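This report describes one protein chain in plain terms. Look at the sequence and the model first, then read on.

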Amino acid sequence: MEMIKCPECNKEISKSNTSCSMCGFKVRDFNEQSEKEYKKDVKRSMLIKFVIGIVSAIVIIIAINIIAANQKMKSFQAEVNEFLLKWGNYSTF
Ligand SMILES: [Zn+2]
């Protein structure tokens with residue numbers, strides 16, 4: 001038989017009891033209530049994880065775009081430098 005602690009008087013009572021045999025606290029109502037709360041918490045934490053997942057995915061996409069843009073800029077600057085260098089070499093002739 002599964003035993004639970006009465007939230008009111010902390011005495012161990014059977015889970016099948018609807019109320020505490022010591023103080024008369026309605027354990028079943030409390031258990032159902034806490035189970036609902038627990039399910040709500042699980043849903044909430046799943047939602048938080050989902051949001052964190054989306055946010056981190058967006059951050060990663062933005063970071064990749066920034067890195068790609070930087071690399072494009074660098075290669076563009078390298079091309080410009082090369083061109084200017086060539087131009088400079090030709091103009092000295
Ligand atoms: Zn009790």
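Helices (H or I, at least four residues) and strands (E, at least two) are DSSP runs, numbered from the N terminus. The model is predicted: local features need pLDDT of at least 70, side-chain atom pairs count only at pLDDT 80 or more, and totals for chains, interfaces and linings use all residues. Residues are numbered from 1 along each chain as its sequence is written.

The chain has 1 helix and 2 strands, and along the sequence these follow the pattern β-β-α. Its radius of gyration is 34 Å, well over the 12 Å that the globule rule gives for 93 residues, so the chain is more spread out than a compact globule. This radius is taken over C-alpha atoms, and the globule rule is 2.2 Å times the number of residues to the power 0.38. Along the principal axes, the C-alpha atoms fill a box of roughly 105 × 20 × 15 Å.

Confidence is given as pLDDT, the predictor's confidence in each residue, from 0 to 100. The mean pLDDT of the chain is 88, and 96% of its residues reach 70 or more.

Burial is counted with C-beta atoms placed from the backbone: a residue is buried if 20 or more others lie within 10 Å of its own, exposed if 12 or fewer, and partly exposed in between. Of the 93 residues, 2% count as buried.

| Residue | Other C-beta atoms within 10 Å | Class |
|---|---|---|
| Asn 10 | 10 atoms | exposed |
| Arg 28 | 12 atoms | exposed |

Asn 10 is found in the loop between strand S1 (3–5) and strand S2 (12–14). Although Asn 10 is not a glycine, it has a positive phi of about 65°.

Gly 53 lies in helix H1 (residues 27–92). Its C-alpha atom is separated by 38 Å from that of Val 27, 26 residues away along the chain. Arg 28 is also found in helix H1. From C-alpha to C-alpha, Arg 28 and Asn 17 are 7.3 Å apart in space and 11 residues apart in sequence.

Two residues are in contact if their C-beta atoms, placed from the backbone, lie within 7 Å. Among contacts between residues at least 6 apart in sequence, 0% join residues at least 24 apart.
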